Amino acid sequence: MIVRFNCNGSDVQVDTPPMARLLDVLREDLRLVGSKEGCGEGECGACTVRIDGAPVMSCLVPVAQVDGCRVQTIEGLGSPATHAVQTAMLMFGGAQCGICTPGICMSAAALLEENPHPTAEAVRVALAGNLCRCTGYQKVVDAVCGALAGGAS
Amino acid sequence: MVIGTSPPRRDGMDKLTGRSLYADDLRPSGVWYGATVRSSRAHARILGVRRAEGFDWSNVVLVTADDIPGLNVVSLMTDDQPVLADGIVRHVTEPIALVAAPTREHALAAAQHVVVEYEDLPALFDPLAAEGHELRIFGEDNVFKRIRIEHGVRTDATAHLIRGRYTTGLQEQLYIEPQSMLAELRADGGITLTGSMQCPYYIDRAVKRMLGHDRVNVAQAVTGGGFGGKEEYPSILACHATLLAIAARRPVKITYRRDEDLRATTKRHPAVIDLVTMVTARGQLLELHGRVWMDGGAYHTLSTVVLSRAMLHLQGPYRWPYASLHGTVVATHTPPNGAFRGFGAPQAQWAMERHMDRIARHMRLDPLVLRRENLFVHGDVSVTGQTLQNPGAFAVLEAAERAAAAPVNPKRVRPGVVGAEMRSGRGLALAWHGCGFTGNGEAKIRGKVALELRGRDVAVLSSSTDIGQGTETIFPMIVAQTLGIDMERVFNTAHDTGLVPDSGPTVASRTAMVVGGTCEKAAQRLLRHLRELHGEGDFDALAARAEAAGGLVRVEETYEVNTNVEWNPDTYQGDAYPCYGWSCVIVDLRVDLDTGEVLYDRVVTATDVGKALSPVLAAGQIEGGTLQALGWATQEEVVLDKQGCMRNDRLTNYIIPTALDGPEMITELVEIPYEGGPFGAKGIGEIPMDAPAAAVAQAIEAACGAVLDSLPMTPERVFAAMEAR
Ligand code: FES
Ligand code: FES
């Protein structure tokens, strides 16, 4: 089937089986490989993208569901200007191996839109679906809390 | 002065914007996908491997052991592990055959249609029964290695005898990026491998021996975590992808699905540790008798070295006038265990710290007073006879206590039940960790680093990979500082065995300390070399003259071993490590009295890092390792079925800590310099794994009286221990 959606600000159209995973369509058809596959079953969050603003695990989404939607991936988050959460993650040391990082940035960006000055606990709740094995989360939490502090937005 | 500051990591923005390419992101044109046919039996004779009828095999290649051109061996320490099973399988999930097809789905389907006929053989699963068992898995007696350490003089003082058994289970590294490797044919008939890995030269050697020729190069892709899990295992994927690429005559990529990665790849060695000690009434430690058993699984991998590190750390950071230690790592018909951050030391120190608490309980001493009484001080001697210079045990203890004096902010939100009855407790544990390879290991490796002038900038050529810990940033910092130039002018090249010298593997907390130290020496050599060529001046002036003169300017430096280090690998006496890191961990947690679930509020760590080259990167290593240790302590449990296969092979049932599970972390970096490391730096990669689990156990005991001596301390076990009080 032909699926049309807006991806990172551009209208795209893909010819694909309706049950194809959004993650595969992004990675294989659109060659947007910034969204990662860590588990393929909705547990790790490495594949997180935003659909109409909400963070969603793209490995669980049949592509037909995004027909007519606005999809944002990590490639779209940092463009044209680097997002505040990306800058903060860089400065605070929130990325190590980086495989979880795109997903974390997408979840964090969604949180910051709703709550620009979250508490550490609010950040931990918002990121509970994004597994990271490298950082122990402290620097990630600090980065998200600090992203919009001091007028960096 | 860039050393001691925290510039943003080099690879940071690429990772944060999704531009970094990991192995599975690579898709050369015409690439096929590989899948592995694995044993469903623990021990069996293979009677036949054939293609099932009714499946379309037209676009599929199938490879078995018969297609291996050179040695059917995964080259590492011993030659016991085949690339593909040859007649016999010795563990469930052992690779038997390989397929490749144009899509991953197609390859996985094909793998399911390869029929293997087995004749089942009896299998051995119990590591305590394996030694000398009539069923033979390895060598004469199923023992990969025995180690004995005898030291000191026995006491004739009146003393209390205290005895305990401590156990630990399997743990999965759980890098978030599954194993992945791409093999491509080169125009000269050779092979290029690009993948997720820690040690390009391990793979280089393994593939060359399997092929029987040298036209191989191995390059690291951006790697999504390793923790030891990508030390030796990727050699298997590399050999497999190579065989498929040759058979299919096109590039082949193998990326494991998470469930396959969990079932098939190496885990932390489980251990059973018996300790018998003699202690005076005042709490002075006199004698340590230790017996360690570890389960290596069906093949040797690195088990010898894991046992070695366990034995060398078993005494903990304490003085023992007499020690008699005996360790065995045995073979069983289970998937091989392998490298995992800490490498045996966490298992050993879990046992020792729990035993210290047992001694305190038994003698009615304060556990902290008991520790203080026996902690290493300058000039004390370890059980290998090594005299310790400036041990940092007291320094980290004091730093941790100072930081832990701040009030704890208990978490309000938590997964699970609201309004349950919770009891809080605090626990403390200490650890030490030998940095770099054991004894004369570095002398054998002779790790190399090369520097090249590129214009007026400097390229660092090494095989030390960045697996998240920050090598891409640390090496340029060290070289820039030594040359007196801006860090922006120094960069690491690709870690490709066709281009870079062998710096030794990225393991054993050695990269910053040993290879980083070699970078510093290489930079000094580069300056000397330029001065010989172009007269006096600072680096900028010299580089300008060199650039004008043209031609390649390259220096290579080999790690020089400290000749004062004496080590006897037969008696296990001498200087076991060039230096030690020290750590103290203080955990504040609450236990749910209805479920036995543990909720972490805060963890304070104080770690002697020698010198924090980049404080942010150093703290990041420690915090990540600490949470991995908390997972090992209370959450992570591998459940095996009757064939020894991991049953909970998904992230829904093998649970690692989430952001919500993770505590607030306060990370103190203590700096007691090691003169052999760059700017005083010591290795820090593994030590955070050592102390947290024991601190958790002590805190649980303080909270609710439950005494636990087995890991993991799952809610069921905590609850049972509460009932048993
Ligand atoms: S890959 Fe989608 S949640 Fe793990
Ligand atoms: S940075 Fe490696 S998993 Fe998060």
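For residue classes, Ala, Val, Leu, Ile, Met, Phe, Trp, Tyr, Cys and Pro count as nonpolar, Asp, Glu, Lys and Arg as charged, and the others, Gly among them, as polar. By that scheme, the lining of the second largest cavity has eight nonpolar, ten polar and three charged residues. Keep the classes in mind; they return below. The model is predicted.

Start with the interface. Chain B brings 55 residues to the contact, and chain A brings 44 residues. The size of an interface is often given as the accessible area lost when the parts come together. Here the area buried between chain B and chain A is about 4100 Å². Carbon and sulfur atoms give 58% of that area. Three residues stand out on the side of chain B: B:Leu16, B:Ile176 and B:Ala659. Together they supply 18% of the area that chain B buries against chain A, more than any other three residues.

Seven salt bridges are counted between chain B and chain A. B:Glu636 forms a salt bridge with A:Arg133; their closest N and O atoms are 2.8 Å apart.

Which elements give two or more residues to the side of chain B that touches chain A? They are helix H1 (12-16), helix H15 (615-635) and strand S25 (664-670) of chain B. H15(B) gives the most, with eight residues. By class, this side of chain B divides into 24 nonpolar, 17 polar and 14 charged residues.

The largest cavity holds about 610 Å³ of space. Its lining counts 41 residues. Nearest its centre lie B:Gln469, B:Ser509, B:Gln621, B:Ile684 and B:Gly685. Helix H12 (471-483), helix H13 (511-534) and H15 of chain B each supply at least two residues of this lining. The lining of the largest cavity divides into 19 nonpolar, 16 polar and six charged residues.

The second largest cavity holds about 170 Å³ of space. It is lined by 21 residues. Closest to its centre are B:Gln81, B:Tyr233, B:Ile236, B:Thr301 and B:Pro336.

Terms used
Residues numbered from 1 in each chain as written. Chains lettered and ligands numbered in written order. Predicted model: local features only at pLDDT ≥ 70, side-chain atom pairs only at ≥ 80, totals over all residues. Heavy atoms only, no water. Contact = heavy atoms within 4.5 Å. Buried area = accessible area lost by both parts, 1.4 Å probe. Salt bridge = Lys/Arg side-chain N within 4 Å of Asp/Glu carboxyl O. Helix = DSSP H or I, 4+ residues; strand = E, 2+ residues; numbered from the N terminus. 1 Å grid on protein atoms, 1.4 Å probe; cavity = no way out; pocket = protein on both sides within 12 Å on 5 of 7 lines; lining within 4 Å. Points joined across faces, edges and corners; volume = space filled by probe spheres on them.
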